[in-house]
Amino acid sequence: MEPIIRVENLTFEYRKVSPEGPATSFRAVDGVTFEVPSGEFVAVLGMNGSGKSTLAKHLNGLLLPTEGDVWIEGMNTREDDHIWNIRSTVGMVFQNPDNQIVSSVVEDDVAFGPENLGVDPMEIRRRVDEALQAVGMYEQRLKAPHMLSGGQKQRIAIAGAIAMRPKCIVFDEPTAMLDPKGRHQVMDIIHRLHEAGITVILITHFMEEAMQADRLIVMKDGRITDDMPPRDFFADRERIQRARLEMPAIIALREELIRQGLPVDASVQTEEELIEAICQLQ
Amino acid sequence: MIRDITLGQYYPEQSVIHRLDARTKILGTLLYIIELFLVNSFAGFGLVILALGVLIGISKVPVRFIFRGLKAVVFIILLTFLLNLFMFDGTVLWHWKFLTITYEGLYRSCFMALRLILLIIGTSMLTLTTKPMELTDGLEKLLKPFNRFGLPSHEIALMMSIALRFIPTLLEETDKIMKAQQARGADFESGNLIQRVKNMIPILIPLFVGSFRIAQDLALAMEARCYHGGVGRTRMKEIVFSRRDGVAGVLLAVFLGIVIASRWMPLP
Amino acid sequence: MSITVENLTYTYSKGLPNETRALENVSFQLEPGEFAAVIGHTGSGKSTLMQQLNGLLRPDSGKITVGEVCITDPSTKMTEVRRKVGLVFQYPEYQLFEETVAKDVAFGPKQVGMTGEKLDRVVEESIRLTGLDYEEVKERSPFELSGGQKRRVAIAGVLAMKPEILILDEPTAGLDPSAHRDVLELIRRIHRKERMTILLVSHNMGDVAELADRVLVMNRGKLVMNGTPAEVFSRGEPLWEMGLGLPPATEFMERLKDRMPGIDTAQLSIEDAAKEICRYLKGRKK
């Protein structure tokens, strides 16, 4: 079966124009290849400037590769004919909840995508109501976005993506600007979308969020350095340090227990597993 | 405080005025502006105030809320008043050095200030009772006939609605930056005019940079949601004229007649 | 320098439909050189409190004393207050505006009257204190730096005013893990080296547990808890109800307690948690 996302040898260069000297180019993404089968939940980790966001913007044709190709359900993002199809197949939610809401009324904002696709008004209404219910914001549908909290605004942005009926949603650090409560709610919604069969690409700085994915892609200097289940990645202290990432608290505790001489297995990942492992030692 | 400015905001309420078609309200507001310039007596303004009062009553928007909007433009009103106050020859009421207040000047400045206040309150009724989206939809439809003359009605309407959407965001941003610079010892309250303008630079540059950031983010978000101009676009809420709008139209016409008639009445 | 806050009350948008009580009867005291953290969810009043502390907002009633000076007294000169109490806002990099890093950092101290060589020295010191390479960044435009670097420049801009109290509002928000670590390290360094009184607003309970000597918990405009991290984080139940969490180590211990009754859950760091688990298990074996 054709994977929903197929990226082949993707390279992207930014042109930097500086007042002194000639224009230089900077490789933000450097020869990246991977596939995402439909329905997978992929987390992408990496430092700022590692090329994560640039990569994300290629997945629905917001940026076009300098070299290489991106196919969405077999459609090449370079082909103009497919671009609206591609963008309605792969929705995007960005980091800043304020800067992606177009309208002054919540429900009108959610309608923005379907309106652009030329969907019938009755059908738009249905989709908007559904999408707002899916993110638990139906009650707030007539409010002005600036009266809502950051977490609520981000849920509206997700509803805006859902209303386009995408098969995949790319989340570009959706929780970075939220408080713990907002972060939790957004992660809940992401899980529910995944369970409903939507392919999820989650770019994040939070290790705990990345651990919840089926698969982890780690980027450094525009390249993919690791591509494996989070379980395998977080079992390997060296890999974590090489990527200059943080150990999730549970992993850090596991390592500390091992260091202090307790025979805890290095494959232990979750809180439940660690509690179980510790209790076994009693 | 910046976030207290209510000018240009929407006030959610369930009134007949709120439910009128945006086009009716836009045309009504245009008529109202014309009427304000037709009025040539205080009694005429009395009529306008009466009508405006009734309108505000029906709209259920608190009067206090409306007057807060004036706060933002108090300076302009005062300036208009003062400019007119000293600019007219006639019966001298008060004189000091080069400053002279005449009866005509006083009459004229009160007249102009009143007109300005009524203009602001009246036009703000449009934004207070009309959702920004409806407003821009209405404007887009009203401007549509001009498309053939090359007027990009969809783009104009969209630009307006985005501007309205981001007013609160930018005000908040300004407030934040001002406070942050104040915390670094910036002083916006003292010094002469040039000094003060110079003092604004630490606010203006971050605000500019911030606005560009917002614009860039928003453009990306819109593109990601398949925005590609007005062609082939549908609307969730199609605005339609109803019986209410017919009634409102008749009332507007009658009032226009009264205002025109008042010009020839011997009123103060 | 110490801070004393007494019965502070403040209302936003008085007399409007959106009137909100942002602070209600808040009282606390910080000793010179203390490192305190303020936690509370969005809208709990912590940001309002921060702004009160350096005079950006005036309370409806109550009193704030910084050192010997009562800053809520209308006759107090605000420039002096702002010099003494440095305030680093959330996403402070958005307030950068000068052509070069050095000029931007110099803005604050210049406003409070510093000039000449002293100014240059203070700017250099502050930039170095934040861990940036002074020679490398001083002539560069702040806009071309990385996110983490920009943030450090912004913090340097506040440090350059030589405050005696430093307030930071979520200084690590939005940073990647390595920049996050750098900023925390920087705050720790400032506290140690400059002996400043520090007030840190944070959502990250792990950071709070690691850094603070004292934790203030705000909820709906009220100060509901005030104690050492160990004291505050031993009260998981009410914190959860307020939408706040526990440091990861404490949270884990709380979960573990169900299976290992009697284990001491008051562990703030991963190391201490591991030690306590080892201790508990050894005790069992005997």
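User: Why is the pair A:Glu8 and A:Arg6 called a salt bridge?
Analyst: A salt bridge is a side-chain nitrogen of Lys or Arg within 4 Å of a carboxyl oxygen of Asp or Glu. In this predicted model, the closest N and O atoms of A:Glu8 and A:Arg6 are 3.2 Å apart. That is within 4 Å, so the pair counts. Side chains of opposite charge can pair when their charged atoms come close.

User: What makes A:Glu8 buried, exposed or partly exposed?
Analyst: Buried means under 20% relative accessible area, exposed over 50%, and partly exposed in between (1.4 Å probe, protein chains only). A:Glu8 has 36%, so it is partly exposed.

User: Which ground rules apply here?
Analyst: This is a predicted model in which local features need pLDDT of at least 70 and side-chain atom pairs count only at pLDDT 80 or more, while totals for chains, interfaces and linings use all residues. Residues are numbered from 1 along each chain as its sequence is written, chains are lettered from A and ligands numbered from 1 in the order in which they are written, and side-chain values use heavy atoms, with hydrogens and water left out.

User: Which residues are joined into one network of salt bridges?
Analyst: A:Glu13, A:Arg27, A:Asp30, A:Glu67 and A:Arg223 are joined through shared partners. Over all chains, the count comes to 56 salt bridges.

User: How many residues put chain B in contact with chain A?
Analyst: Contact means heavy atoms within 4.5 Å. By that rule, 29 residues of chain B touch 39 residues of chain A. In chain B, B:Arg165, B:Arg225 and B:Met236 lose the most area to chain A, together 28% of what that side buries. Buried area is the accessible area (1.4 Å probe) that two parts lose on being put together, summed over both. Chains B and A bury about 3100 Å² between them, 59% of it on carbon and sulfur atoms.

User: What makes A:Asp98 and B:Arg165 a salt bridge?
Analyst: Their closest N and O atoms are 3.8 Å apart, so they fall within the 4 Å limit. The count between chain B and chain A is 6 salt bridges.

User: How many salt bridges are there between chain B and chain C?
Analyst: The count is 1 salt bridge. C:Asp104 pairs with B:Arg184, with the closest N and O atoms 3.1 Å apart. The contact takes 21 residues from chain B and 24 residues from chain C. Together these chains bury about 2100 Å², 61% of it on carbon and sulfur atoms. B:Lys179, B:Ala183 and B:Arg184 supply 34% of the area that chain B buries against chain C, more than any other three residues.
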